[in-house]
Amino acid sequence: MGSSRTTVVVAAGAVWFLLCTAVLGGFAAIATLGGALAGGCGGDGGTGGGSQQIGPRSWSAEQTGNAQTIVEIAVARALPRRAAAIAVATAIVESQLNNVTYGDADSLGLFQQRPSQGWGSPATILNPALSTATFYDRLVQVPGWPTLPAGVAEQAVQRSAFPERYAPAEPPAAALVERFWKGPDNPPPPTDTAPAPGGDAAAQAAAFATLGCADQGGSSIPLSPEDLDRHHMPPGFTLPADPQQRAAVSYVISKIGAPYVWGAKGPDAFDCSGLMLAAWASAGVPIPAGTVSQKNAGTPVGSLSQLAPGDLLLTPGSLGSPSNPRHVGMYVGHGVVVDAYDSSTGVIVSPLSKWTPQIVTIRHIAGPPGEPAPPPSALAAGAPR
């Protein structure tokens with residue numbers, strides 16, 4: 001009896017050992033293949049499942065996430081891959097692709113930009129998307145930047161005391177760009193860009209980024225990202241005169257602060273396209289649901305200088321591309337946009353200047369279209385807008 005009991009215990013132990021080995025081996029296989037456990041125990045999750053090897057280096061989730069942001073903004077602006085490589089190389093040198101809150105003197109963020117040198121407020125610089133947009137704004141002003149030798153364009157923008165550090169960062173930067181770039185390369189932007197009504201979305205993205213805006217329906221309220229409270233309309237804001245535009249704009253303004261819920265179409269929660277659908281429905285104007293359909297709603301608007309209140313502004317967002325925009329907001333006039341942004345912020349107010357680098361399509365839904373901006377000489381003479 002004792003012998004057989006021992007045999008049973010030993011056999012059970014052997015089965016337990018084999019099961020544990022198989023289960024642990026399965027976990028190891030899942031982690032090796034980049035499955036659900038990959039990056040989990042390390043705690044950083046993030047783009048691609050946590051820390052990962054890309055090119056010659058291993059990068060953390062924060063680093064890959066910031067690299068992805070830099071690359072996606074280049075794609076959204078229809079800039080060539082070379083621009084993304086220059087920007088990523090710069091961020092590698094300046095911050096190791098970490099959005100740091102410290103640096104030399106008052107330097108901050110991915111690119112170690114300085115508020116005292118005109119790069120924007122600390123809040124703007126510490127926003128990876130906004131600091132990247134500012135970097136690209138300055139990069140494209142450098143003559144011949146797409147064909148300059150490695151490290152030269154970076155130095156032209158940054159004016160570093162250590163210019164020799166940029167060129168060695170380009171190979172790892174190129175590997176990161178290769179990992180996150182979506183779609184074909186883009187040609188270098190022309191030096192003098194003019195928008196073409198109805199043109200392809202990617203080409204318009206570059207054109208829109210260079211244009212100003214004639215504020216419709218009232219006096220100009222110039223706004224920058226740091227000037228605007230995301231949960232309140234700016235002082236002096238006036239609604240448009242047209243009844244349909246006024247109804248749609250009034251509706252989205254009334255929903256500022258409402259929660260974002262994916263797929264929601266109101267009345268108490270919205271996703272981005274659901275808010276546009278409900279707003280124009282309140283004005284008696286039907287538009288389709290979803291950004292995939294809203295990118296074709298109404299009629300196209302050729303440039304930012306012809307914006308009217310109620311126009312839909314579409315951007316790639318986090319899931320789309322210039323040809324397949326997946327985020328939408330409403331221009332409400334006076335340089336202000338309202339949109340259902342994400343689950344952490346809900347429906348918010350933003351300055352048009354924050355949207356400009358990412359806009360790929362503008363759709364006019366109803367009411368009078370926007371008027372082209374008057375020439376600078378007319379503005380200087382005090383002509384009414």
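The model is a predicted one, where local features need pLDDT of at least 70 and side-chain atom pairs count only at pLDDT 80 or more, while totals for chains, interfaces and linings use all residues. Residues are numbered from 1 along each chain as its sequence is written, and side-chain values use heavy atoms, leaving out hydrogens and water.

Let's start with H2, residues 61-76. Helices here are DSSP runs of H or I, at least four residues, numbered from the N terminus.

Inside H2 sits asparagine 66. Is asparagine 66 buried or exposed? Asparagine 66 is buried, at 8% relative accessible area; buried means under 20%, exposed over 50%, and partly exposed in between, with a 1.4 Å probe and protein chains only. Beyond neighbours within four places in sequence, its contacts (heavy atoms within 4.5 Å) are Leu97, Asn98, Asn99, Leu110 and Pro128.

Just after H2, alanine 78 has a positive phi of about 60 degrees.

Now, how many salt bridges are there? The count is 5, where a salt bridge is a side-chain nitrogen of Lys or Arg within 4 Å of a carboxyl oxygen of Asp or Glu. One of them joins aspartate 137 and arginine 77 at 2.7 Å, N to O. Aspartate 137 lies in helix H5 and arginine 77 in the loop between H2 and helix H3, 60 residues apart. Arginine 77 is buried at 6%, whereas aspartate 137 is partly exposed at 35%.

Technical notes:
Helices (H or I, at least four residues) and strands (E, at least two) are DSSP runs, numbered from the N terminus.
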